Amino acid sequence: MKRRNFLGLGLGVLAASVVPSSLSAVNYRTEKPKAWDADKVDTAIKEIFGTNATSEGKVKLKAPDIAENGAVIPVTVSAKAGSRVAILQDANPETLVAVFDVPKGGIIDYSIRIKMQKTGNVFAIVEDAGKLYKASKQVKVTIGGCGG
């Protein structure tokens, strides 16, 4: 019985030593509140990244052409490299949807579901080596998702 306790304790210590000790997250709602209050996409991009100069390419955005229900719209963003990802839309009063900090060597392949109250554009912005890359897609909403 003592041998089992010793092995269990040893495996527990091994598992605890493998867990990363420097996990941290940035609360962008408190760090950059103006970005969440922005009613224009360019304004929100500038608040999050410090500039709104973007170029096309290096980012893939997948969203439906037509969303039958604006309350649940699947959006996928992928890129080969980057340090920060932002998802925005221009159909709701609050344009910024989500911001992700990507750990070094991390894979950008994020899928989320967003709400849109009417037809509009969805934007994905990826920061890579100090430059911003953008992809966008129009989503037609047939039933509003924000109380409509």
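The questions below ask how terms and values apply to this predicted model.

The model is predicted, with local features needing pLDDT of at least 70 and side-chain atom pairs counting only at pLDDT 80 or more, while totals for chains, interfaces and linings use all residues. Residues are numbered from 1 along each chain as its sequence is written, and side-chain values use heavy atoms, with hydrogens and water left out.

Q: What makes up the secondary structure of the chain, and in which order do the elements run?
A: Helices are DSSP runs of H or I with at least four residues, strands are runs of E with at least two, and both are numbered from the N terminus. On that basis the chain has four helices and nine strands, in the order α-α-α-α-β-β-β-β-β-β-β-β-β.

Q: Why is strand β5 called mostly covered?
A: A residue is buried under 20% relative accessible area, exposed over 50% and partly exposed in between, with a 1.4 Å probe and protein chains only. In β5, residues 84–89, six of six residues are buried; R84, A86 and L88 point one way and V85, I87 and Q89 the other way, and all are buried. For the chain as a whole, buried residues make up 34% of the 148 residues.

Q: Why is the aromatic pair of F100 and Y110 called tilted?
A: Rings of Phe, Tyr and Trp (its six-membered ring) pair if their centres lie within 6.5 Å, and planes under 30 degrees apart count as stacked, over 60 as edge-to-face and the rest as tilted. A search of the whole structure finds one aromatic pair. F100 and Y110 lie 4.6 Å centre to centre with 35° between the planes, and the pair is tilted. F100 belongs to strand β6 and Y110 to strand β7 (residues 108–114), ten residues apart.

Q: Why does F100 count as partly exposed?
A: F100 counts as partly exposed because its relative accessibility is 23%, a value that falls in the range between under 20% and over 50%.
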